[in-house]
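Good morning, and thank you for coming.

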Amino acid sequence: MEDAHGLAETISSAEAVPGSGWVAAVSASLAAGLVAKTAARSGGWSGAEGARAQAIDLRDRLLVLADLDARAYERALTALERRGSNLAKALAGAAEAPLAIAQTAADVAELAAEAAESADGAARADASAAAALAAGAARAAAKLVSVNLAAVTEDERVGRADRAAEAAAEAARRALAVQG
């Protein structure tokens, strides 16, 4: 688990990047990995193969979004330091990756809820945990969308991010209610 320690050190550093958007995306990707693991360990679940493929696709998409978020955040920080006319544009652009992270994390939470309801016995706990992790990542990303768009009145992306976070939270509630 040496890699986990290195990851924790990177996140704990004084550097601005990676920031919370990157962490939300990576957290949701790890949740998707748990769903893939659940599917791989559930021979009695007829939809396991398709769910595993979907989980791996979501995991990989979230890792790409983590990198996009880090780059957008760096651009926004640069624009903030320069206080130029590009600041509003940079902040609006910085909202795109967290919005996609929130929506994709919601997809992970929904797939995790399905896995919790359909998977074989012991694997259900991993799926339930994955749904909770994905829901937390979706809520964190939605907050970042709101913060990045604070200067823009009535931007529909804030509502879309909030709806994704709510859908993820509902999926997590379903998954956590599954017994055994």
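**The pocket and its surroundings**

Let me begin with the pocket lining: four helices, α2 (20-40), α3 (48-82), α4 (87-94) and α6 (123-148), each contribute at least two residues to the lining of the largest pocket. Please keep in mind that the model is a predicted one. Which helix gives the most to this lining? That is α3, with five residues.

The volume of this largest pocket is about 260 Å³. Its lining comprises 16 residues, and those closest to the pocket centre are Tyr 73, Ala 76, Leu 91, Ala 94 and Asn 148. Sorted by class, the lining of the largest pocket holds 11 nonpolar residues, four polar residues and one charged residue.

Let me now turn to the overall fold. The protein contains seven helices and zero strands, and the pattern along the sequence accordingly reads α-α-α-α-α-α-α. How does the radius of gyration stand against what a compact globule would have, and what is its value? The protein has 17 Å, which agrees with the value near 16 Å for a compact globule, because that is what the rule gives with 180 residues. Along the principal axes, the C-alpha trace spans about 60 × 40 × 25 Å.

Among contacts in the protein with a separation of 6 or more, 75% are accounted for by residues 24 or more positions apart. The accessible surface of the protein is about 9300 Å², and carbon and sulfur atoms hold 54% of that surface.

Two local features deserve attention. The first topic is a peptide bond: Val 17 and Pro 18 are joined in the cis form, with omega at about 10 degrees. Where is Pro 18 found? Pro 18 sits in the loop between α1 (2-12) and α2.

The second topic is Glu 114, a residue of helix α5 (residues 96-118). Is Glu 114 buried or partly exposed? Its relative accessibility is 37%, and therefore Glu 114 counts as partly exposed, since buried means under 20% and exposed means over 50%. Neighbours within four places in sequence aside, Glu 114 is in contact with Trp 45 and Arg 174. As for Ser 13, 101 residues from Glu 114 along the chain, the C-alpha atoms of these two residues are separated by 37 Å.

That concludes the presentation, and I welcome your comments.

Conventions. Residues are numbered from 1 along each chain as its sequence is written. This is a predicted model: local features need pLDDT of at least 70, side-chain atom pairs count only at pLDDT 80 or more; totals for chains, interfaces and linings use all residues. Side-chain values use heavy atoms; hydrogens and water are left out. On a 1 Å grid over the protein atoms alone, a cavity is a set of points where a 1.4 Å probe fits but cannot get out, and a pocket is an open set with protein on both sides within 12 Å along at least five of seven lines; lining residues have an atom within 4 Å of a point. Grid points are joined across faces, edges and corners, and a volume is the space filled by probe spheres set on the points. Ala, Val, Leu, Ile, Met, Phe, Trp, Tyr, Cys and Pro count as nonpolar, Asp, Glu, Lys and Arg as charged, and the others, Gly among them, as polar. The radius of gyration is taken over C-alpha atoms; the globule rule is 2.2 Å times the number of residues to the power 0.38. Contact means heavy atoms within 4.5 Å. Accessible areas come from the Shrake-Rupley method with a 1.4 Å probe; for residues, only the protein chains shown count as cover. Buried means under 20% relative accessible area, exposed over 50%, partly exposed in between (1.4 Å probe, protein chains only).
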